Amino acid sequence: MKRLLGLVILSCSVTSSVALAQSPLTVVFPRKNHQTSSEKIFLLGTAPPDGQVFINGKPITRSKAGHFAPSFPLQLGENLFTIRHRDQELQIQVTRLTTQPQLPEGLAFAKDSLTPSADIARLPGELICFSAIAPSRADVSVNLANQTVALSSQPSQAQLPHNLAALTGRNQPANQSTAVKYEGCTIIQQSDSLIYSNNIFSSPAIANSGQNIDLGTPKFQLTLDGKTITQSGTGKIQILSTAKLPVVEVSADSGVARTGPSTDYSRLTPLPKGTRAAVTAKEGDWLRLDFGAWINSQETKTLPGAVSPRTIIRSVVYRQVSGATEVIFPLQVSVPVKVHQGDKFFALTLYNTTAQTDIIRTNDDPIISRLDWQQVSPGQVQYTFNLKKSQQWGYKLRYEGTSLILTLRHPPVVQKIKNQPLLGMKIVLDPGHGGKESGASGPTGYLEKDLNLVVSKLLRDELVKRGATVVMTRLDDRDVSLVERQAIISQAEPAIAVSIHYNSLPDDGDAQNTQGFSTFWYHPQAHSLSVFLHNYIVKNLKRPSYGVLWDNLALTRPNIAPSVLLELGFMSNPEEFTWATNPQAQQKMAQAIAEGITEWWQNVR
């Protein structure tokens, strides 16, 4: 899996082109034009085993095959590394960028520090906050529609690490910023009149007209040592009319709902196509829907004149179809939903929904033991399916008209034939990366995409021997997008999906000493498989453990089946790379994974 961060400027000079051609000294990372904000970086490469490799005049440790991956501290700005092996020399320049905001010089705001930085819209009564980075001891304020909001200097805050810091164990907050940040907020009320900072802002006729109110662009003012400058912000501010909130419908096949207005925020349950919701806030291209989640406006379409969606629900029934149970929720309008899976239960929450339910028709079902429901809050109904077994085999959510259809898959049908324990089991096998997406790189330049394909084909053969039907997302070196891989899993409706990868580390990782097998899962239905395979491989192949990790990855997100991603080892570790590229070790790994899947399959049926 490609986990290398950032963009470091790479320049190489070779003292002897003849020697280089005969026995090359190679550095595959850092790459050309790489920049990083990390405090250290590892240099990944190889050289012939004979002789020593020196970096900045000091010998480094290498594997028996000649590979190396030592780490070095970085100072801010340019860092020059000279790598020598016999009569060969490479020079690599790495640029470390600061994560601290650039402090302004003199009477000025720091560049790009004024917020809001994009157009925003809020409901009456919500906080609207402004911030800026400016010199200390300054007076900072914002003027908006002839009203003034004072901004005060704030105590410094710790800087949170990137999510990938969990992979290196360096996920402690960084030093606090030395920049002075000024912040201030105000509330705009809309009742009999529009109140702004305790002053009458608009007439009652305008406030009650059902129209949105545009407040324009805030103007930031900075005063220091008797001198003053004014700078306009880059985002306009609008107050939405609660009497006429815009309504949107999800136009994407699966709308990505998030906890905040950017892709940096966590994913929530995807919204089925056709879902309708009122918009209660805007921030750039992002919309906040009435149940609290954010979605990119490009995944929606506006419904002119529509009122805020609300529905009642009465009857609920479920029926058996081929290999699954379908639960039908008849609604007046398609509303947002949320899924919560756990041991022996599957919970579905419907928003903007009020129950008028007296009767629910249920029959004896292969997987459901009982259905419970409750109105957990006004406009929010939760249905909990108590299940007969802990292992869940996937689900689908879709709207047919305004009826929500939940499909809960049954366990795959088992065909007991000696020496073919996986007969009747369909498996989607995904060799990670491919084509332009090369993934990680080993010290010799050998690419992860090629190694993934080699081992995946070996694993396919082992699974087929045991009776499984295997669907491959690719059979050669070609581009297959993440969306296409997800679609293959969805269309195949397998018993399980397994994505094969090899790992690498962020810039500040200890590549020389980090190795091990790891598994990744996202939906609780995949947790059992992930834990079992991890423990099975670590024990039976006596491999180091890098752990079982919950991760929001494209190939762990498919909910149609338990989907896991396996990181078989580290391309960036010199010793483990040698093991990973050994044909005998590859065959043993394929056999062990197939045996692990077989044993798990027999345990969960």
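This is a predicted model: local features need pLDDT of at least 70, side-chain atom pairs count only at pLDDT 80 or more; totals for chains, interfaces and linings use all residues.
View 1. Look for Phe109, Phe130 and Phe220, which ring pairs link into a cluster. A further ring to find is that of Trp579: the charged end of Arg543 sits over it, 3.7 Å from its centre. A charge sits over a ring if NZ of Lys or CZ of Arg is within 6 Å of the ring centre and within 35 degrees of the ring normal. Side-chain values use heavy atoms, with hydrogens and water left out, and residues are numbered from 1 along each chain as its sequence is written. Local features need pLDDT of at least 70, side-chain atom pairs count only at pLDDT 80 or more, and totals for chains, interfaces and linings use all residues.

View 2. Arg84 and Glu89 join their side chains in one of them, at 2.7 Å from N to O. Arg84 is partly exposed, at a relative accessible area of 33%, while Glu89 is buried, at 17%. Here buried means under 20% relative accessible area, exposed over 50%, and partly exposed in between (1.4 Å probe, protein chains only). Elsewhere, salt bridges link Arg319, Glu326, Arg398 and Glu400 in a network.

**View 3. Arg137 meets Asp225.** These two residues form a salt bridge whose closest N and O atoms are 4.0 Å apart. The pair links distant parts of the chain, 88 residues apart: Arg137 lies in the loop between β12 (127-133) and β13 (139-144), and Asp225 in the loop between β19 (219-224) and β20 (227-232). Strands (E, at least two residues) are DSSP runs, numbered from the N terminus. Both partners are in the open: Arg137 is exposed, with a relative accessible area of 65%, and Asp225 is exposed too, with 62%.

**View 4. A buried pair, Arg466 and Glu462.** The side chains of Arg466 and Glu462 form a salt bridge at 2.9 Å, N to O. Arg466 counts as buried at 14% relative accessibility, and Glu462 is buried at 4%.

**View 5. An open sheet of five strands.** Follow the order β2-β10-β9-β5-β6, in which the 5 strands show mixed pairing. At the edges stand β2 (35-36) and β6 (58-59), each with a single partner strand, so one side of each has no neighbour in the sheet. Two strands pair if DSSP finds at least two bridges between them; β5 (residues 53-55) and β9 (residues 77-85) do so in the antiparallel sense over 3 bridges. Phe54 is opposite Arg84 in β9.

**View 6. An open sheet of three strands.** The order is β1-β4-β7, and the pairing of these 3 strands is antiparallel. The edge strands β1 (26-29) and β7 (67-68) each pair on one side only. Between β4 (residues 44-46) and β7 there are 2 bridges in the antiparallel sense, with His67 in β7 as the bridge partner of Thr46.

**View 7. Where to read the model with care.** The protein averages a pLDDT (the predictor's confidence in each residue, from 0 to 100) of 90, and 92% of the residues score at least 70. Over residues 2-22 the pLDDT is below 50, and this stretch has 71 contacts beyond near neighbours in sequence, a contact meaning heavy atoms within 4.5 Å. Residues 191-208 also stay under 50, with 36 contacts beyond four places in sequence.

Notes. Rings of Phe, Tyr and Trp (its six-membered ring) pair if their centres lie within 6.5 Å; planes under 30 degrees apart count as stacked, over 60 as edge-to-face and the rest as tilted. Helices (H or I, at least four residues) and strands (E, at least two) are DSSP runs, numbered from the N terminus.
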